[in-house]
Amino acid sequence: MIIDGKQAAAELRKQLSVQVDQLQQEKNIIPGLTVILVGEDPASEVYVRNKVRQTRELGMNSNEIRLPADTGEAELLARLEQLNRDSEVHGILVQLPLPAHIDEARILAAIDPQKDVDGFHALNSGRLFNGSGDALVPCTPQGCVILAKRHLGNDLNGKHAVVIGRSNIVGKPVAILLLQENCTVTIAHSRTENLAGLCRQADILVAAVGRPHFVRGDWIKPGATVIDVGINRIADAGGKSRLVGDVDYQAAVEVAGAITPVPGGVGPMTIACLLKNTLAAARRYG
Ligand SMILES: Nc1nc2c(c(=O)[nH]1)N[C@@H](CN(C=O)c1ccc(C(=O)N[C@@H](CCC(=O)O)C(=O)O)cc1)CN2
Ligand SMILES: [Mg+2]
């Protein structure tokens, strides 16, 4: 079975659209998102364009700030300070990756945690870690869990989830979310011994390594739910560029009970969950 992330994202957006209208009618608040893009990375440009378009389609306000690649850290920090003070802005997102001369951690720490719709600020990671319930949770991990639950009848209780990847953006937060769903969670990475054998024990396998086709078909337990977070651009035999995940999809689809495709799996959910966080920030702090 193919887990359709495009469809799931469309359904989520439809629900959010009703809630955006309600917030405006009841509290006269229109959620506002500002996205900052530094430089001209073509993939980032596409993602930012999609974020802005989808935000507006939901009836929320959206503003895009484009800065040249040589923008200094001080300039970016000054922009963030201004946005932190702006009461019309409920969500602030700095598109990653940033140019190498900018200290990413310093920038992410400068975003008001109440407006941190990416959920990357230490206060939000801490709240997620503590299970305090009021965290703004990173978007891709939220999307992964929504898609896994969608396939498994909303119930992940007792499942063994193996997460390959330990980044702050995907690996670690998705592991915590799965733990909150009562999964037994193993976090693995490129240095894990007998990774294939470990993956074969997974009822839910989340691949977030950033390497094309890293997970082989024979690493997958028959019937497992496979969530592929990878978005890798590779050249095919004819020299044409195409998008593939971290999982060898052709092989995996024969073994898995369900799998997210790339494109059309986790990616669309990332943006839908960003819209969800923007609405949540406006509701809570607007
Ligand atoms: N500040 C952030 N930066 C980045 C994030 C993030 O969540 N916050 N995630 C990624 C990029 N990203 C969103 O920003 C993102 C990536 C991919 C998709 C998506 O829908 N992909 C499509 C395929 C699109 C294509 O053809 O290229 C799919 O998988 O179907 C959405 C968002 C890194 N940076
Ligand atoms: Mg850097």
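Helices (H or I, at least four residues) and strands (E, at least two) are DSSP runs, numbered from the N terminus. Keep that in mind for the exercises below.

This is a predicted model: local features need pLDDT of at least 70, side-chain atom pairs count only at pLDDT 80 or more, and totals for chains, interfaces and linings use all residues. Residues are numbered from 1 along each chain as its sequence is written, while chains are lettered from A and ligands numbered from 1 in the order in which they are written.

**Exercise 1. The shell around ligand 1**

Task: Find which helices and strands each supply at least two residues of the shell around ligand 1.

Solution: 
- Step 1. A residue is near a molecule or strand if its C-beta atom, placed from the backbone, lies within 6 Å of it.
- Step 2. Ligand 1 has 18 residues around it, and Tyr 47, Leu 96, Pro 263, Gly 267 and Thr 270 come nearest.
- Step 3. The elements that each give at least two shell residues are α2 (42–57), β3 (91–94), α6 (139–151) and α10 (266–285). With 4 residues, α10 provides the largest share.
- Step 4. Now sort the shell by kind. Ala, Val, Leu, Ile, Met, Phe, Trp, Tyr, Cys and Pro count as nonpolar, Asp, Glu, Lys and Arg as charged, and the others, Gly among them, as polar. The shell then holds 12 nonpolar, 5 polar and 1 charged residues.

**Exercise 2. Two domains**

Task: State how far apart the C-alpha centres of domain 1 and domain 2 lie.

Solution: 
- Step 1. Domain bounds come from an automatic or database domain assignment. Here domain 1 is 28–112 and domain 2 is 139–267.
- Step 2. Their C-alpha centres lie 28 Å apart.
- Step 3. Return to ligand 1: its shell takes at least three residues from each of the two domains.

**Exercise 3. The open sheet**

Task: Work out the order of the 5 strands in the open sheet.

Solution: 
- Step 1. Two strands pair if DSSP finds at least two bridges between them.
- Step 2. The order is β5-β4-β6-β7-β10, with parallel pairing. At the edges are β5 (184–188) and β10 (258–259), each of which pairs on one side only.
- Step 3. Walk across the sheet. Strand β4 is joined to β6 (residues 204–207) by 4 bridges, and Val 163 has Val 206 as its bridge partner in β6.
- Step 4. Next, β6 and β7 pair over 4 bridges, with Val 226 in β7 as the bridge partner of Leu 205.
- Step 5. Finally, β7 and β10 pair over 2 bridges, and Thr 225 has Ala 258 as its bridge partner in β10.

**Exercise 4. Buried or exposed?**

Solution: 
- Step 1. A residue is buried if 20 or more other C-beta atoms lie within 10 Å of its own, exposed if 12 or fewer, and partly exposed in between; C-beta atoms are placed from the backbone.
- Step 2. Ile 231 is in the loop between β7 (225–228) and β8 (232–235).
- Step 3. Leu 76 belongs to helix α3 (residues 73–85).

**Exercise 5. Contacts and cover**

Task: Name the residues that Leu 76 is in contact with, then describe what covers α7.

Solution: 
- Step 1. Two residues are in contact if their C-beta atoms, placed from the backbone, lie within 7 Å.
- Step 2. Leaving aside neighbours within four places in sequence, Leu 76 is in contact with Val 38, Leu 67, Thr 71, Ile 102 and Ile 107. Leu 76 and Ile 107 are 31 residues apart along the chain, yet their C-alpha atoms are separated by 7.7 Å.
- Step 3. In α7, 8 of the 10 residues are buried, among them Gly 171, Val 174 and Leu 178.
- Step 4. The cover over these buried residues includes α5 (122–130), α6, β4, β5 and β6.
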